[in-house]
Amino acid sequence: MKPLLSKTTRPFLIYVLVVLLISVPVYYFVVDTIWKNELDEHNRIIADKTAYALNQLKLSGDTLLKSIVLWNSIQPGTNIQSISSSGTIKDSVYTIEKQKSYSEKPNIDRFRCLSTIIYINNKQYLFTVETNIEESKETIAIIAITTIFFFIIIVAGLLVLNRKLSITIWRPFRNTLDKLKTFNLNHQTKIDFDKTDTSEFEELSHSLRELIAHNISVYKTQKEFTENASHELQTPLAILKSKLDILLQNKDLTERQYHIAEEMNKALIRSSRINKNLLLLAKIDNSQFDSSENLKFDMLLQQSIETLEEHFEQKNISVSTTAVPDLSLNGNGSLTEILINNLLLNAIRHTLPNGSITLTLTKSSFEVTNSGLKELDKDLLFKRFSSASADNSGSGLGLAIIKEICRFQKWSVRYRFENGHHIFSVYF
């Protein structure tokens, strides 16, 4: 994962690098062209000044010829030649490379040349001038070094700016993220986001405020409905249970009527259990339990085993227990007892007759292992009213309650299937 600014800075740096690399040859051709134009103008001025100066001397023919020979000898890079007046020669501008005449070592230089006609004493002369051009390799090297230098400055500046912008400009966004990370819907408290002068961040904060307020309202309404519905159903369910018990004790019932009443009683018992479990979940969500009790987990485990002894005997299930003695934990005793009972009942429900259940209690975890045929659906395992197996005799809330109790007490629960055994692990 990379920060947003890093993702935008990297393409920008690559773009700048490509542009700067392309600029090196462009700089060279532009500078070289400018130099050539300036040298052409310089050579033209030299030709004009030379013709003007010789004409001002008003030398005779022989003296002029001697002066031209002397000029050609002492003036490097220029040459004056006499030509016939009948010939017509156009001006020529060109570039040549040649060895320096005064250097013994190999040293090739570029020269910008001009060949043009000048008039001295009304006679035509071919005037040639050569002016040295800066070497191209040196030019490219200097331009490349300069470009690299400025590129390093740009990169260093962008990295510094990137870090500073990440700290200053993105501070409201990071504060918003930190507050969202600590937000808990169960607490039903709104978040006060910091004010900012950045319109995008302010719009984000406004949208989050509305979203959180709506979610809190919906959550509160659903939780109140669940709690009220569960609470209000207790009385009519208790009345129906009492009436059915009286009806089942009537000796005048036929066998068919008795079976119908018995099925109604089973359904009523399951409805009552679901109602109590929903009420329990609502209380856990509302944090109505004290989680600071000092409880003896090994004692609660032993009590649950003794309470469910009859269920083990009905399916002829063997139980083996390995427990650390005097294990003290912080939590809620009632919720922990419900957690242990639900884990054991779930193991009994998914263990075939004559199977086995192994209970392992350590200082850091509690594991319930029971024999089984196939793995349970992990996606549906801890969801409310979802069926992770073909067994529908439960209320559909047992494992969901286990998960909520673990969340409330800051524990964790996991499930895995290994070597034909279901394994539920609670980590403290």
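**Entry 1: salt bridges.** I began with charged side chains and found Asp32, Lys36 and Arg110 linked in a network of salt bridges. I note at the outset that this is a predicted model. My search of the whole structure returned 12 salt bridges.

I then looked at Arg44 and Asp91, whose side chains meet in a salt bridge at 2.8 Å, N to O. This pair links distant parts of the chain, 47 residues apart: Arg44 belongs to helix α1 (residues 4–57), and Asp91 to the loop between β1 and β2. I checked accessibility at both ends. Arg44 has a relative accessible area of 29% and is partly exposed. Asp91 is partly exposed as well, with 42%.

Next I took Arg416 and Glu367, which form a salt bridge with their closest N and O atoms 3.3 Å apart. Here too the pair links distant parts of the chain, with Arg416 in strand β10 and Glu367 in strand β9, 49 residues apart. Arg416 counts as partly exposed, at 27% relative accessibility.

I also looked up a pair within one helix. Glu404 forms a salt bridge with Arg407, and the closest N and O atoms are 3.0 Å apart. Both residues lie in helix α10, 3 residues apart, which is about one turn of the helix. Is Glu404 buried or exposed? I get a relative accessible area of 16% for Glu404, so this residue is buried, the cut-off being under 20%. Arg407 comes out at 35% and is partly exposed.

**Entry 2: the open sheet.** I traced an open sheet of 4 strands in the order β1-β4-β3-β2, with antiparallel pairing. Its edge strands are β1 (78–82) and β2 (92–99), each of which pairs on one side only. On average, I find neighbouring strands of this sheet turned by 25° against each other, direction ignored.

How many bridges join β2 to β3? I count 8 between β2 and strand β3 (residues 108–120), and the two run antiparallel.

**Entry 3: nonpolar cores.** I listed the largest nonpolar core, which has 41 residues. Those with the most contacts inside it are Phe297, Leu339, Leu343, Ile357, Leu359, Phe366 and Phe424. Among the elements that give two or more residues to this core are helices α6 (255–285), α7 (297–307) and α9 (333–349), and strands β8 (356–361) and β9 (365–371). The top contributor is α9, with 7 residues.

Where does this core lie relative to the domains? Domain 2 (201–285) and domain 3 (293–427) both give residues to it, so I place the core between them.

Last, I recorded a second, separate core of 13 residues, which includes Ala47, Leu59, Leu114 and Ile120.

Methods
Residues are numbered from 1 along each chain as its sequence is written. This is a predicted model: local features need pLDDT of at least 70, side-chain atom pairs count only at pLDDT 80 or more; totals for chains, interfaces and linings use all residues. Side-chain values use heavy atoms; hydrogens and water are left out. Two strands pair if DSSP finds at least two bridges between them. Axes are lines fitted to C-alpha atoms, for helices over the stretch in contact, and angles run from 0 to 180 degrees between N-to-C directions. A nonpolar core is a set of buried Ala, Val, Leu, Ile, Met, Phe, Trp, Tyr and Cys residues joined through side-chain atoms within 4.5 Å. Buried means under 20% relative accessible area, exposed over 50%, partly exposed in between (1.4 Å probe, protein chains only). Domain bounds come from an automatic or database domain assignment. A salt bridge is a side-chain nitrogen of Lys or Arg within 4 Å of a carboxyl oxygen of Asp or Glu.
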